[in-house]
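Student: Could you show me how to read the packing of helices and the lining of a pocket in a model?

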Amino acid sequence: MYTFCYIWCKQFYSSYKDNERCSCASQYHACADLWKVKEKGWKQSYMWCVWHSIFSGAYGYIYDNICNRGTHTTQLIKARFVLRTNLRCAKKQRKNGDVMTKKQLAIEVIERLKKQYPDAGCTLDYDEAWKLLVSVRLAAQCTDERVNIVVQGLLSQYPSVSALAHADVDDIEKIVRPCGLGKSKSRDISACMKLLHEKYNDKVPDTMEELLKLPGVGRKSANLIMGDVYGKPAIVTDTHCIRLCNRIGLVNDEKEPKKVEMALWKIVPKEEGSDLCHRFVIHGREVCTARTKPHCDKCCLCDICKKML
């Protein structure tokens with residue numbers, strides 16, 4: 001038994017040591033530190049620690065009273081224990097047929113993300129509607145951080161709708177090239193600003209129908225303008241929103257943005273749509289990531305997420 005526990009803890013400590021950022025690091029801090037304590041020389045208490053941690057789940061007690069670790073690691077272990085308990089309860093409820101409807105699930109997701117990200121908002125910098133329109137077009141296949149930098153240079157040379165409408169497309173392209181797709185983006189920005197200047201008196205329209213008539217403006221961009229600028233009901237179905245909605249279970253294997261948007265309109269209160277999508281973006285970048293394994297151990301939605309159940 002001692003040899004088994006010895007090898008077991010050593011294996012997890014090795015994976016933790018090799019890659020501190022891997023997803024298993026936060027899950028196996030207990031094993032790693034028990035192995036460290038073993039190296040300090042108390043073999044008899046070591047066996048008692050492993051036995052106690054496995055069968056009682058009192059990881060915090062072990063850290064505070066024996067390993068003398070800080071409160072941060074203790075909280076991680078306690079959170080892990082609570083996570084497993086919640087998942088077991090959720091799976092039991094699902095097995096018994098006590099499953100939330102999609103509308104109930106949406107309400108629960110909204111409330112939890114509100115608590116987790118109370119100040120969520122648009123990450124693109126703007127102080128006028130037309131500037132947001134430009135930034136949204138540049139944000140396609142580009143990070144918001146880079147867009148904010150590039151837009152500053154663009155607006156310093158062309159500070160108004162009129163100035164940008166009369167600018168040469170090639171000159172615009174030279175400035176926006178770092179955002180990628182320079183030719184198509186510069187062409188769309190120029191055509192859009194000309195239409196705003198000539199038809200709308202330098203004002204951005206406030207209806208979905210009119211916004212969709214602008215060059216380079218799709219439903220995602222139009223919804224962002226409607227929600228953030230005019231405070232109207234809007235659902236922005238970007239990549240984060242689509243990915244999270246499928247993982248959580250708000251939609252079923254649906255990847256088309258418009259279909260996801262239509263499905264969300266049926267279950268999400270109109271006044272919550274815009275803020276929910278901003279919170280999806282933050283949660284998708286920090287926790288429910290796309291290019292790496294999702295950090296389910298620190299997700300506030302783990303016990304109601306379809307992926308986990």
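Predicted model: local features only at pLDDT ≥ 70, side-chain atom pairs only at ≥ 80, totals over all residues.

Student: How do helix 15 and helix 17 pack?

Tutor: Two packed helices are described by the angle between their axes and the distance between those axes. Here helix 15 (residues 239-248) and helix 17 (residues 273-286) pack at about 80°, with their axes 9 Å apart. The two are therefore roughly perpendicular (65 to 115 degrees). Their contact (heavy atoms within 4.5 Å) involves residues including His240 and Leu244 of helix 15 and Phe280 and Arg285 of helix 17.

Student: Which residues are the closest to the centre of the largest pocket?

Tutor: Of the 34 residues that line the largest pocket, those closest to its centre are Lys220, Asp238, Thr239, His240 and Arg285. Helix 17 gives the most to this lining, with six residues.

Student: Is His278 buried or exposed?

Tutor: His278, which lies in helix 17, is buried, with a relative accessible area of 10% (buried means under 20%, exposed over 50%, and partly exposed in between, with a 1.4 Å probe and protein chains only). Leaving aside residues up to four places away in sequence, His278 touches Ala120, Gly121, Cys122, Leu224 and Asp228.

How values were computed
Residues numbered from 1 in each chain as written. Heavy atoms only, no water. Axes fitted to C-alpha atoms, helices over the stretch in contact; angles between N-to-C directions. Helix = DSSP H or I, 4+ residues; strand = E, 2+ residues; numbered from the N terminus. Parallel < 35°, antiparallel > 145°, perpendicular 65-115°, else oblique. 1 Å grid on protein atoms, 1.4 Å probe; cavity = no way out; pocket = protein on both sides within 12 Å on 5 of 7 lines; lining within 4 Å.
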